[in-house]
Amino acid sequence: MDIKRKLYIVGISGNERGLLSIVTSVMNHIIYAVCTGKVPVVDLKYRKSIYFKDGRQFRDNVWEYFFKQPFKLSLSDISENDDVEISLDSHFAPNTDGISAKYMPVSNESKILPKMAEAKENYKKYFIFNDEMKNYLEHRYTEAIGDCGNILGVLCRGTDYSKRRTFAECIQPKITDVIKKTGEILKKYPEITKIYLATEDNDIYETFKKEFGAILIENRQYKYSYCKNDGKLISEIKVDRKNHHYNLAKEYLASIYILSKCPYFIGGRCNGSLFVWLLSEAKKYFYVWQLGNYGRGFKEKMFSVTRVNNKRLLRILGLKIKLKG
(Lines give C-alpha, C1' and ligand atoms only; values in the text may rest on other atoms or scores of the structure.)
Protein backbone atom coordinates (compact mmCIF):
# COMPACT_ATOMS: atom_id res chain seq x y z
CA MET A 1 0.00 0.00 0.00
CA ASP A 2 1.38 3.39 -1.02
CA ILE A 3 2.18 5.86 1.75
CA LYS A 4 0.02 8.95 1.45
CA ARG A 5 2.25 11.97 0.81
CA LYS A 6 1.33 15.51 1.80
CA LEU A 7 2.14 17.54 -1.30
CA TYR A 8 2.04 21.31 -1.65
CA ILE A 9 1.70 22.48 -5.26
CA VAL A 10 3.34 25.88 -5.68
CA GLY A 11 1.44 27.59 -8.48
CA ILE A 12 2.52 31.18 -9.14
CA SER A 13 1.34 33.27 -12.09
CA GLY A 14 3.98 35.25 -13.94
CA ASN A 15 2.00 37.53 -16.28
CA GLU A 16 4.52 40.32 -17.01
CA ARG A 17 6.63 39.72 -13.89
CA GLY A 18 10.37 39.28 -14.11
CA LEU A 19 11.74 35.78 -13.58
CA LEU A 20 13.43 36.53 -10.25
CA SER A 21 10.24 38.09 -8.93
CA ILE A 22 8.46 34.82 -9.73
CA VAL A 23 11.29 32.80 -8.21
CA THR A 24 11.16 34.78 -4.96
CA SER A 25 7.43 34.02 -4.64
CA VAL A 26 7.99 30.35 -5.42
CA MET A 27 10.78 30.10 -2.86
CA ASN A 28 8.65 31.74 -0.16
CA HIS A 29 6.08 28.98 -0.69
CA ILE A 30 8.69 26.20 -0.88
CA ILE A 31 10.12 27.24 2.49
CA TYR A 32 6.59 27.46 3.94
CA ALA A 33 5.83 23.94 2.70
CA VAL A 34 8.98 22.49 4.24
CA CYS A 35 8.30 24.23 7.57
CA THR A 36 4.77 22.79 7.67
CA GLY A 37 5.78 19.22 6.86
CA LYS A 38 4.65 19.20 3.24
CA VAL A 39 6.59 18.28 0.09
CA PRO A 40 6.62 21.18 -2.41
CA VAL A 41 6.19 20.63 -6.15
CA VAL A 42 6.52 23.72 -8.35
CA ASP A 43 3.84 24.23 -11.01
CA LEU A 44 4.72 26.88 -13.59
CA LYS A 45 3.07 24.76 -16.28
CA TYR A 46 -0.55 25.70 -15.74
CA ARG A 47 0.15 29.34 -14.81
CA LYS A 48 0.49 32.34 -17.09
CA SER A 49 4.06 33.33 -17.90
CA ILE A 50 5.98 35.04 -20.68
CA TYR A 51 8.82 32.52 -20.36
CA PHE A 52 7.33 29.53 -22.19
CA LYS A 53 9.28 28.51 -25.27
CA ASP A 54 7.58 29.30 -28.58
CA GLY A 55 4.38 27.29 -28.98
CA ARG A 56 4.85 25.54 -25.61
CA GLN A 57 2.46 27.58 -23.44
CA PHE A 58 0.88 25.37 -20.75
CA ARG A 59 2.73 22.36 -22.20
CA ASP A 60 6.04 22.71 -20.32
CA ASN A 61 6.81 23.45 -16.68
CA VAL A 62 8.72 26.74 -16.92
CA TRP A 63 10.39 26.10 -13.54
CA GLU A 64 12.07 23.01 -14.99
CA TYR A 65 13.56 25.02 -17.88
CA PHE A 66 15.97 26.50 -15.35
CA PHE A 67 15.80 24.72 -11.99
CA LYS A 68 15.40 21.33 -10.39
CA GLN A 69 12.31 20.48 -8.42
CA PRO A 70 13.25 20.92 -4.72
CA PHE A 71 12.42 17.29 -3.80
CA LYS A 72 12.83 15.71 -7.27
CA LEU A 73 9.07 15.31 -7.68
CA SER A 74 7.38 16.68 -10.80
CA LEU A 75 3.70 17.21 -11.55
CA SER A 76 3.68 13.89 -13.43
CA ASP A 77 4.69 12.08 -10.21
CA ILE A 78 1.52 13.06 -8.36
CA SER A 79 -0.91 10.19 -7.82
CA GLU A 80 -4.51 9.94 -6.63
CA ASN A 81 -3.21 8.60 -3.32
CA ASP A 82 -1.45 11.85 -2.49
CA ASP A 83 -2.90 14.46 -0.16
CA VAL A 84 -2.59 17.56 -2.34
CA GLU A 85 -2.83 21.20 -1.32
CA ILE A 86 -2.52 23.98 -3.91
CA SER A 87 -0.83 27.19 -2.83
CA LEU A 88 -2.34 30.62 -3.00
CA ASP A 89 -1.23 32.51 -6.10
CA SER A 90 0.54 35.07 -3.95
CA HIS A 91 3.98 36.39 -3.08
CA PHE A 92 3.75 35.22 0.53
CA ALA A 93 2.39 31.96 1.92
CA PRO A 94 -0.44 32.13 4.51
CA ASN A 95 0.44 33.93 7.74
CA THR A 96 4.07 34.37 6.74
CA ASP A 97 6.33 37.27 5.91
CA GLY A 98 8.79 35.82 3.43
CA ILE A 99 11.92 37.40 2.08
CA SER A 100 12.25 40.26 -0.39
CA ALA A 101 14.86 42.79 -1.45
CA LYS A 102 13.87 45.16 1.37
CA TYR A 103 15.33 42.75 3.95
CA MET A 104 18.70 42.21 2.30
CA PRO A 105 21.93 43.59 3.81
CA VAL A 106 23.18 46.65 1.98
CA SER A 107 26.89 46.52 2.75
CA ASN A 108 29.62 44.33 4.24
CA GLU A 109 29.01 46.01 7.58
CA SER A 110 25.24 45.48 7.62
CA LYS A 111 23.72 43.28 10.27
CA ILE A 112 22.18 40.24 8.63
CA LEU A 113 18.66 39.55 9.86
CA PRO A 114 18.16 36.01 11.22
CA LYS A 115 15.43 35.40 8.63
CA MET A 116 17.85 36.33 5.82
CA ALA A 117 20.63 34.12 7.16
CA GLU A 118 18.10 31.27 7.27
CA ALA A 119 16.87 32.14 3.78
CA LYS A 120 20.40 31.96 2.40
CA GLU A 121 20.75 28.42 3.76
CA ASN A 122 17.36 27.44 2.37
CA TYR A 123 18.27 28.78 -1.08
CA LYS A 124 21.37 26.59 -1.05
CA LYS A 125 19.13 23.57 -0.45
CA TYR A 126 16.14 24.24 -2.68
CA PHE A 127 17.17 26.79 -5.35
CA ILE A 128 19.14 24.48 -7.63
CA PHE A 129 19.91 25.04 -11.30
CA ASN A 130 19.28 22.02 -13.50
CA ASP A 131 22.25 20.42 -15.26
CA GLU A 132 21.66 22.11 -18.61
CA MET A 133 21.34 25.53 -17.00
CA LYS A 134 24.34 24.97 -14.74
CA ASN A 135 26.51 24.13 -17.77
CA TYR A 136 25.22 27.22 -19.57
CA LEU A 137 25.98 29.47 -16.58
CA GLU A 138 29.50 28.08 -16.18
CA HIS A 139 30.14 28.54 -19.90
CA ARG A 140 28.96 32.17 -19.81
CA TYR A 141 31.02 32.83 -16.70
CA THR A 142 34.19 31.37 -18.23
CA GLU A 143 33.53 33.22 -21.48
CA ALA A 144 33.11 36.57 -19.73
CA ILE A 145 35.54 36.36 -16.82
CA GLY A 146 38.10 33.73 -17.78
CA ASP A 147 41.14 33.96 -15.51
CA CYS A 148 40.40 37.52 -14.38
CA GLY A 149 40.39 37.66 -10.59
CA ASN A 150 39.58 41.07 -9.18
CA ILE A 151 36.33 42.07 -10.90
CA LEU A 152 33.89 44.78 -9.87
CA GLY A 153 30.35 43.64 -10.60
CA VAL A 154 27.76 46.37 -11.21
CA LEU A 155 24.00 45.87 -11.46
CA CYS A 156 22.23 48.86 -12.95
CA ARG A 157 18.50 48.55 -13.61
CA GLY A 158 16.85 51.03 -15.94
CA THR A 159 13.68 50.86 -18.04
CA ASP A 160 10.73 49.77 -15.87
CA TYR A 161 12.47 50.87 -12.66
CA SER A 162 13.97 54.27 -13.36
CA LYS A 163 11.83 55.33 -16.34
CA ARG A 164 8.36 54.20 -15.32
CA ARG A 165 8.94 54.66 -11.59
CA THR A 166 6.32 52.05 -10.75
CA PHE A 167 4.65 52.66 -7.41
CA ALA A 168 6.29 50.81 -4.48
CA GLU A 169 9.27 49.59 -6.54
CA CYS A 170 12.71 50.36 -5.10
CA ILE A 171 14.19 53.63 -6.32
CA GLN A 172 17.28 52.98 -8.44
CA PRO A 173 20.42 55.15 -8.39
CA LYS A 174 21.07 57.57 -11.22
CA ILE A 175 23.65 56.44 -13.76
CA THR A 176 25.80 59.45 -12.83
CA ASP A 177 25.86 58.27 -9.21
CA VAL A 178 26.74 54.72 -10.22
CA ILE A 179 29.61 55.97 -12.40
CA LYS A 180 30.86 58.20 -9.58
CA LYS A 181 30.71 55.32 -7.09
CA THR A 182 32.51 53.03 -9.54
CA GLY A 183 35.32 55.57 -9.90
CA GLU A 184 35.66 55.82 -6.11
CA ILE A 185 35.89 52.04 -5.75
CA LEU A 186 38.50 51.73 -8.50
CA LYS A 187 40.58 54.31 -6.68
CA LYS A 188 40.11 52.62 -3.29
CA TYR A 189 40.84 49.12 -4.64
CA PRO A 190 43.55 49.50 -7.32
CA GLU A 191 43.75 45.71 -7.61
CA ILE A 192 40.45 45.74 -9.53
CA THR A 193 41.30 45.16 -13.19
CA LYS A 194 37.90 44.76 -14.86
CA ILE A 195 34.25 45.78 -14.55
CA TYR A 196 31.28 43.57 -15.36
CA LEU A 197 28.07 45.55 -15.86
CA ALA A 198 24.69 43.80 -15.86
CA THR A 199 21.87 45.87 -17.34
CA GLU A 200 19.00 45.40 -19.77
CA ASP A 201 19.14 49.12 -20.64
CA ASN A 202 21.33 49.79 -23.69
CA ASP A 203 21.48 53.54 -22.95
CA ILE A 204 22.99 52.80 -19.53
CA TYR A 205 25.39 50.27 -21.03
CA GLU A 206 26.64 52.71 -23.70
CA THR A 207 27.10 55.47 -21.09
CA PHE A 208 29.16 53.10 -18.94
CA LYS A 209 31.13 51.99 -21.98
CA LYS A 210 32.15 55.57 -22.79
CA GLU A 211 33.39 56.04 -19.23
CA PHE A 212 35.09 52.68 -18.59
CA GLY A 213 35.38 51.11 -22.04
CA ALA A 214 38.98 49.98 -21.64
CA ILE A 215 38.21 47.75 -18.66
CA LEU A 216 34.52 46.96 -19.25
CA ILE A 217 33.88 43.27 -19.90
CA GLU A 218 31.46 42.68 -22.75
CA ASN A 219 28.03 41.57 -21.54
CA ARG A 220 26.05 39.65 -24.15
CA GLN A 221 22.79 39.96 -22.25
CA TYR A 222 20.04 41.24 -24.58
CA LYS A 223 19.69 45.00 -24.17
CA TYR A 224 17.34 47.60 -25.61
CA SER A 225 16.58 51.30 -25.47
CA TYR A 226 13.47 52.23 -23.49
CA CYS A 227 13.16 55.62 -25.19
CA LYS A 228 13.52 54.25 -28.72
CA ASN A 229 10.75 51.71 -28.07
CA ASP A 230 8.04 54.18 -27.06
CA GLY A 231 8.35 53.45 -23.36
CA LYS A 232 7.60 49.75 -23.66
CA LEU A 233 9.12 47.24 -21.27
CA ILE A 234 11.64 44.71 -22.55
CA SER A 235 8.94 42.04 -22.11
CA GLU A 236 6.51 44.02 -24.30
CA ILE A 237 8.56 44.60 -27.44
CA LYS A 238 8.42 42.14 -30.32
CA VAL A 239 11.78 40.64 -31.26
CA ASP A 240 12.39 38.25 -34.15
CA ARG A 241 14.35 35.72 -32.12
CA LYS A 242 13.49 32.11 -31.44
CA ASN A 243 12.28 31.55 -27.85
CA HIS A 244 13.01 35.23 -27.13
CA HIS A 245 11.56 35.50 -23.62
CA TYR A 246 13.03 32.18 -22.54
CA ASN A 247 16.42 33.39 -23.76
CA LEU A 248 15.94 36.72 -21.99
CA ALA A 249 15.55 34.81 -18.73
CA LYS A 250 18.61 32.64 -19.41
CA GLU A 251 20.78 35.65 -20.21
CA TYR A 252 19.59 37.54 -17.15
CA LEU A 253 20.28 34.56 -14.89
CA ALA A 254 23.76 34.33 -16.41
CA SER A 255 24.42 38.00 -15.60
CA ILE A 256 23.27 37.50 -12.00
CA TYR A 257 25.36 34.35 -11.69
CA ILE A 258 28.47 36.16 -12.95
CA LEU A 259 27.83 39.06 -10.55
CA SER A 260 27.58 36.59 -7.67
CA LYS A 261 31.11 35.42 -8.52
CA CYS A 262 32.61 38.92 -8.62
CA PRO A 263 34.49 39.70 -5.36
CA TYR A 264 33.36 43.35 -5.49
CA PHE A 265 29.75 44.42 -6.12
CA ILE A 266 27.53 47.51 -6.26
CA GLY A 267 23.92 47.82 -7.36
CA GLY A 268 20.50 49.26 -6.74
CA ARG A 269 18.13 47.51 -4.36
CA CYS A 270 16.13 45.02 -6.44
CA ASN A 271 15.60 41.28 -6.83
CA GLY A 272 18.74 41.04 -8.93
CA SER A 273 20.92 42.38 -6.11
CA LEU A 274 19.09 40.15 -3.65
CA PHE A 275 19.98 37.07 -5.70
CA VAL A 276 23.58 38.23 -6.10
CA TRP A 277 23.78 38.22 -2.30
CA LEU A 278 21.92 34.91 -1.90
CA LEU A 279 24.20 33.13 -4.38
CA SER A 280 27.44 34.73 -3.17
CA GLU A 281 30.03 33.64 -0.72
CA ALA A 282 31.77 36.43 1.23
CA LYS A 283 32.62 39.46 -0.90
CA LYS A 284 35.53 41.85 -0.43
CA TYR A 285 33.19 44.77 -1.05
CA PHE A 286 29.38 44.90 -1.23
CA TYR A 287 27.21 47.99 -1.52
CA VAL A 288 23.52 48.48 -2.35
CA TRP A 289 21.86 51.89 -2.60
CA GLN A 290 19.06 52.55 -0.09
CA LEU A 291 16.86 55.16 -1.74
CA GLY A 292 13.38 54.20 -0.61
CA ASN A 293 10.48 53.40 -2.91
CA TYR A 294 8.70 55.21 -5.69
CA GLY A 295 5.49 56.91 -4.58
CA ARG A 296 2.39 57.76 -6.51
CA GLY A 297 2.25 60.84 -8.71
CA PHE A 298 -0.86 63.02 -8.83
CA LYS A 299 -2.50 61.01 -11.63
CA GLU A 300 -1.82 57.73 -9.86
CA LYS A 301 -3.36 59.09 -6.68
CA MET A 302 -6.50 60.05 -8.62
CA PHE A 303 -6.72 56.97 -10.86
CA SER A 304 -4.60 53.83 -11.00
CA VAL A 305 -4.76 50.08 -11.48
CA THR A 306 -2.37 48.10 -9.29
CA ARG A 307 -1.93 44.41 -8.48
CA VAL A 308 -2.07 43.17 -4.89
CA ASN A 309 -1.53 39.43 -4.35
CA ASN A 310 -2.22 38.95 -8.07
CA LYS A 311 -5.62 40.69 -7.80
CA ARG A 312 -6.11 43.90 -9.79
CA LEU A 313 -7.15 46.89 -7.71
CA LEU A 314 -8.69 49.99 -9.30
CA ARG A 315 -8.35 53.28 -7.40
CA ILE A 316 -10.59 56.23 -8.29
CA LEU A 317 -10.29 59.29 -6.05
CA GLY A 318 -9.21 57.05 -3.19
CA LEU A 319 -12.03 54.52 -3.71
CA LYS A 320 -10.72 50.93 -4.05
CA ILE A 321 -12.51 48.52 -6.42
CA LYS A 322 -11.42 44.92 -7.01
CA LEU A 323 -11.33 43.90 -10.67
CA LYS A 324 -11.72 40.43 -12.10
CA GLY A 325 -8.72 38.80 -13.86
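**Figure 1. Salt bridges in the whole structure.** A search of the whole structure finds 12 salt bridges. The model is predicted. Side chains of opposite charge can pair when their charged atoms come close. The views below show some of these pairs.

**Figure 2. Close-up of the salt bridge between Arg-56 and Asp-60.** The N to O distance in this pair is 2.8 Å. Asp-60 has a relative accessibility of 15% and is therefore buried, the cut-off being under 20%. Arg-56, with a relative accessible area of 28%, is partly exposed.

**Figure 3. Close-up of the salt bridge between Asp-97 and Lys-115.** The side chains meet at 3.7 Å, N to O. Asp-97 sits in the loop between strand 3 (83–86) and helix 3 (114–126), and Lys-115 belongs to helix 3, so the contact ties together parts 18 residues apart in sequence. Both partners are shown with their side chains: Asp-97 is partly exposed at 44% relative accessibility, and Lys-115 is partly exposed with a relative accessible area of 26%.

**Figure 4. Close-up of the salt bridge between Glu-200 and Arg-157.** Here the N to O distance is 3.3 Å. Glu-200 is in the loop between strand 5 (194–198) and helix 7 (202–212), while Arg-157 is in the loop between strand 4 (151–155) and helix 5 (159–162); the pair therefore ties together parts that are 43 residues apart in sequence. Glu-200 is buried, at 7% relative accessible area. Arg-157 is buried as well, at 15%.

**Figure 5. Close-up of a salt-bridge network.**

Technical notes: Residues are numbered from 1 along each chain as its sequence is written. This is a predicted model: local features need pLDDT of at least 70, side-chain atom pairs count only at pLDDT 80 or more; totals for chains, interfaces and linings use all residues. Side-chain values use heavy atoms; hydrogens and water are left out. A salt bridge is a side-chain nitrogen of Lys or Arg within 4 Å of a carboxyl oxygen of Asp or Glu. Buried means under 20% relative accessible area, exposed over 50%, partly exposed in between (1.4 Å probe, protein chains only). Helices (H or I, at least four residues) and strands (E, at least two) are DSSP runs, numbered from the N terminus.
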